[in-house]
Amino acid sequence: MRLLHPVLCASLLSAALARVPPRETHEDGRQRQSALSHKKLAPPPLRVPTSRRLSTCDSGLDCWLQNIQFDIPKITVKDIKVGVLKYDLTVEGLTCYGVSIDGIDSSYLPEGAVDATVKNVATSCKGGKWKLKGITTYKGSLSVKIKKATMACAVSVLPNEQGLPWTAHVPSCKVSSVKVSYHIGDSSIGWILDVLQSEITPIIEKNVKKALCKLASDGAETKLTPLLQKQVDPAIERVIASEPSIVPSFPYE
């Protein structure tokens with residue numbers, strides 16, 4: 001089985017993914033060539049709409065981001081010390097609606113994969129209920145805002161029998177720099193907010209990171225793979241027809 005040149009595949013995949021000019025070096029200093037710098041093949045760079053411009057759903061990416069929804073699992077923390085007292089905390093019912101981003105930097109790696117960094121990922125989670133139970137019980141509503149998260153992932157493609165990129169998957173994903181803020185209702189006691197922030201923030205961060213990486217994996221399967229098969233592969237076939245010399249003589253690994 002032979003695959004189209006990995007530089008070409010990654011260039012078209014990167015353009016489909018991001019359409020934002022990529023960084024030119026890895027963090028460790030190794031040089032990497034811009035996936036959008038292949039002059040004969042790359043389309044002009046386009047901006048992924050920012051969260052401030054996502055007022056209308058005018059593209060597949062916009063619509064998908066705006067319609068994302070995921071739940072934060074129920075959180076239970078026992079024996080929280082507040083002075084000499086102990087409380088049990090539960091938080092449940094949080095659902096996050098929509099994801100906004102400020103842009104995507106993408107570039108291809110030597111092995112043909114695409115390295116994508118999604119900047120300033122944000123979402124809002126509503127409908128939460130909290131309860132702090134001890135010698136006295138406190139309870140109320142809760143909403144959470146997630147912002148300034150950065151998601152770095154690699155996107156690889158597997159070929160079909162003709163050697164064209166056919167299916168996309170995400171072999172690695174990491175989310176960092178998550179900032180969490182809270183709004184609590186039905187209580188004017190300031191120390192409760194302090195308890196919520198200190199006890200549940202690491203748990204919410206962990207769940208949000210997991211959810212975002214799952215969304216990236218699902219997006220590669222349900223959104224990017226059809227894009228490869230319906231748009232990228234036909235474009236590659238047209239390039240091959242006009243420039244057959246670009247097909248290499250080495251096998252796909």
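Visitor: What is the relative accessibility of Trp191, and how does this residue count on that scale?

Guide: Trp191, at 27% relative accessibility, counts as partly exposed. Please keep in mind that this is a predicted model, in which local features need pLDDT of at least 70 and side-chain atom pairs count only at pLDDT 80 or more, whereas totals for chains, interfaces and linings use all residues. Residues are numbered from 1 along each chain as its sequence is written, and side-chain values use heavy atoms, with hydrogens and water left out.

Visitor: How many helices and strands does the protein chain have, and what pattern do they follow along the sequence?

Guide: Helices (H or I, at least four residues) and strands (E, at least two) are DSSP runs, numbered from the N terminus. The protein chain comes to three helices and nine strands, and reading along the sequence gives the pattern α-α-β-β-β-β-β-β-β-β-β-α. Of the 253 residues of the protein chain, 45% count as buried.

Visitor: How many aromatic pairs does the structure hold, and which aromatic cluster includes Trp191?

Guide: Rings of Phe, Tyr and Trp (its six-membered ring) pair if their centres lie within 6.5 Å, and planes under 30 degrees apart count as stacked, over 60 as edge-to-face and the rest as tilted. The structure holds three aromatic pairs. One of them joins Tyr87 and Trp191, a tilted pair with 5.7 Å centre to centre and 45° between the planes. Tyr87 lies in strand β3 (residues 85–92) and Trp191 in helix α3 (residues 190–242), so this pair ties together parts that are 104 residues apart in sequence. Tyr87 itself is buried, with a relative accessible area of 4%. The rings of Tyr138 and Trp191 have their centres 5.4 Å apart and their planes at 90°, so that pair is edge-to-face. Because Tyr138 lies in strand β7 (residues 137–159) and Trp191 in helix α3, the pair ties together parts that are 53 residues apart in sequence. Tyr138 is partly exposed, its relative accessible area being 22%. Tyr87, Tyr138 and Trp191 form one aromatic cluster.

Visitor: Which residues touch the most other members of the largest nonpolar core, and where does its largest share come from?

Guide: In soluble globular proteins, nonpolar side chains tend to be buried together. A nonpolar core is a set of buried Ala, Val, Leu, Ile, Met, Phe, Trp, Tyr and Cys residues joined through side-chain atoms within 4.5 Å. Here the largest core has 55 residues, of which Val91, Leu142, Val144, Leu196, Ile200 and Ile204 touch the most other members. Among the elements that each supply at least two residues of this core are β3, β6, β7 and α3, and the largest share, 17 residues, comes from α3.

Visitor: How should I read strand β5, and which way do its residues point?

Guide: In a regular strand the side chains alternate between the two faces of the sheet. In β5 (residues 103–108), which is mostly covered, six of its six residues are buried. Gly103, Asp105 and Ser107 point one way from β5, while Ile104, Ser106 and Tyr108 point the other way. Two strands pair if DSSP finds at least two bridges between them. Six bridges join β5 to strand β6 (residues 114–133), the two running antiparallel, and Ser106 stands opposite Ala116 in β6.

Visitor: How many salt bridges are there, and which residue does Asp105 meet in one of them?

Guide: Side chains of opposite charge can pair when their charged atoms come close. The criterion for a salt bridge is a side-chain nitrogen of Lys or Arg within 4 Å of a carboxyl oxygen of Asp or Glu. The structure holds two salt bridges. In one of them the side chains of Asp105 and Lys119 meet, at 3.8 Å from N to O. Lys119 lies in strand β6 and Asp105 in strand β5, so the pair ties together parts that are 14 residues apart in sequence. Asp105 is buried, with a relative accessible area of 13%, whereas Lys119 counts as partly exposed at 26% relative accessibility.

Visitor: What separates Asp218 and Lys214 in helix α3?

Guide: Asp218 and Lys214 form a salt bridge whose closest N and O atoms are 2.9 Å apart. Being four residues apart in helix α3, they are separated by about one helical turn. Asp218 is partly exposed, with a relative accessible area of 28%, and Lys214, at 52% relative accessibility, counts as exposed.

Notes: Buried means under 20% relative accessible area, exposed over 50%, partly exposed in between (1.4 Å probe, protein chains only).
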